[in-house]
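The questions below ask what each label rests on.

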Amino acid sequence: MTKTAAPGSGARLAEEARGGSRLALSRLLTAIESRTAAAEEALRALYPSAGSAHLVGVTGPPGGGKSTLVAALTAEARAAARAVGVLAIDPSSPVTGGAILGDRIRMQQYAGDDGVFIRSMASRGHLGGLAGTTAEAAAALDACGFDIVFIETVGTGQSEVEVASIADTTVVVQAPETGDEIQALKAGLLEVADIVVVNKADRPGADRAAAQLEAMLPPLPRNGVEGAPDGRPRPKRPQVLLASGLENVGITELLAALDVQRRLRADLPHVQAARLARARAQVAGILADRTRAALWSDRRRAETDALLEAVASHILDPYAAADQLMGLARDGS
Amino acid sequence: MTDRPLKVLIAKPGLDGHDRGAKVLARGLRDEGFEVVYTGLRQTPEMVVTAALQEDVDVVGLSILSGAHMTLLPRICRLLREEGMAEVLVTAGGIIPEEDIAALKEAGVAEVFGPGTSIGEVAAFMREHAPQRPG
């Protein structure tokens, strides 16, 4: 957050967005994506109002039907007059920085409905399935009064689990015929799921896929409390549901399951630990941004680059360089 | 203006089903380093404008081959102005007769690209004419 803006412009954007201006909200999200000073000012103003939305991460492999499922869930939530925000992330090209943002194509029936706000985000080089500013964008929607915010990740592989660190509840969407039981045994994506949806339930093999998945999940905790008695982290057991976003099957049940997760889990120790982890990641990210900004400021850039060149030519080891840069960043603030 | 990528909405208003051109353009602009929101076929003017507003795009590129351009494109331009997005650059492509171009420009379409226009030309025009905005 180093770019300059007229002082007060962030606070004004925040106020207008909170007041219901969708244009102001949209401009605020652009500022957040660009990490401008106005965005920082707005987020500072909005943070106390955030925290009441249900942030639902929706992740899974490309083509599994995430967007279609989010569209169906949005329709279901709208039927109950709940305001829905959607952040749909698609990958940026590592070569040109360009991106095709194509998730909205499944979510078009809401034109003119102020209770739905859909925003695409390009990942802009961030790995892990999200954009680097998705958490902040979700906080903005949260503060502007959306009851549910769906965060749809880039089509993920087995280890892009970052969404679980910014969402309250994580849904992993799978299609039938995406692998045998061995895939369900592997560590990674399935471990962060609170709910696993076997989507495209109208396809043959969906029941079998759900049963196989169910059989391979960790056993239910004996005393009903997740986490081992000795405090070691234990995997949670996700709920497995069948659904079809396209045919609108199982969507009522899925939304109800999300609501139950939200209600029952709020006080569980591992959910509170996750909240603390989210705060830690957010602050750590800001620290990293600020450190970078301090080191590559006009005043410090030459010194910083000289140290990096010394590392590149093996005159200095990278740890010593990092120690010296920490000193520079402190002086530079 | 920050160094963020240009954000462009590519949409097909109206009822014709010929989306190859729009898809090729979307892909080509991606390769030019643009962030391209692609909403595909059969968009009403309201859908186009809602998407433009929620995505906060710099440019709206409309592909139309149905012959309904004199109805749909001025309506999109008018709705954009009503929603406070008068500065968004609107371009059109597809099959649009020469004699309609002046009226479309009068209505707010900045440029009309006919068949045979290269993606490089479109990208250069968008880069040059997209609104300068504070970060």
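Q: What is the handedness of the crossing where α1(A) passes α2(A)?
A: The crossing is left-handed. The model is predicted, and the handedness is computed from it. Left-handed is the label when the near helix is turned anticlockwise from the far one by less than a right angle.

Q: Which residues of α1(A) and α2(A) meet?
A: From α1(A) come Leu13(A), Ala14(A), Glu16(A) and Ala17(A). From α2(A) come Ala24(A), Leu25(A), Arg27(A), Leu28(A) and Ala31(A). By class, this contact has seven nonpolar, no polar and two charged residues. Glu and Arg count as charged, and Glu16(A) and Arg27(A) are among the residues that meet.

Q: What makes helix α3 of chain A largely enclosed?
A: Seven of its ten residues, 37-46, are buried, so the rest of the structure largely encloses this helix. The buried residues are Ala38(A), Ala39(A), Glu40(A), Glu41(A), Ala42(A), Leu43(A) and Leu46(A).

Q: Which elements do the buried residues of α3(A) pack against?
A: They pack against α1 (9-18), α2 (22-33) and α5 (134-143) of chain A.

Q: How many helices and strands does chain A have, and what share of its residues counts as buried?
A: Chain A has twelve helices and eight strands. Of its 333 residues, 40% count as buried. Among contacts between residues at least 6 apart in sequence, 73% join residues at least 24 apart.

Q: Why does Gln174(A) count as buried?
A: The cut-off is 20 or more other C-beta atoms within 10 Å. Gln174(A) has 26 C-beta neighbours inside that distance, so it counts as buried. Gln174(A) lies in strand β6 (residues 169-174) of chain A. Beyond its neighbours within four places in sequence, Gln174(A) is in contact with Gly60(A), Gly64(A), Val196(A), Val198(A) and Asn199(A).

Q: Why is Glu191(A) called partly exposed?
A: Exposed needs 12 or fewer other C-beta atoms, and buried needs 20 or more. Glu191(A) has 16 within 10 Å, so it is partly exposed. Glu191(A) is found in the loop between α7 (181-185) and β7 (195-198) of chain A. Its C-alpha is 37 Å from that of Ala321(A), which is 130 residues away in sequence.

Q: How do you know that β3(A) pairs with a strand of chain B?
A: Three bridges join β3 (residues 99-101) of chain A to β2(B), and at least two are needed. The two strands run parallel. Ile100(A) stands opposite Val36(B) in β2(B).

Q: How many residues does each chain give to the contact?
A: Chain B gives 29 residues and chain A gives 30. On the side of chain B, α1 (20-31), β2 (35-43) and α2 (45-55) each give two or more. The most come from α2(B), with seven residues. By class, that side of chain B has eleven nonpolar, nine polar and nine charged residues.

Q: What makes strand β4 of chain B mostly covered?
A: Six of its six residues, 89-94, are buried. One face has Leu89(B), Thr91(B) and Gly93(B), and the other has Val90(B), Ala92(B) and Gly94(B). Both faces are covered. Strand β3 (residues 59-64) of chain B pairs with β4(B) in the parallel sense over six bridges, and Val60(B) stands opposite Val90(B).

Definitions and conventions. Residues are numbered from 1 along each chain as its sequence is written. Chains are lettered from A and ligands numbered from 1 in the order in which they are written. This is a predicted model: local features need pLDDT of at least 70, side-chain atom pairs count only at pLDDT 80 or more; totals for chains, interfaces and linings use all residues. Helices (H or I, at least four residues) and strands (E, at least two) are DSSP runs, numbered from the N terminus. Two residues are in contact if their C-beta atoms, placed from the backbone, lie within 7 Å.
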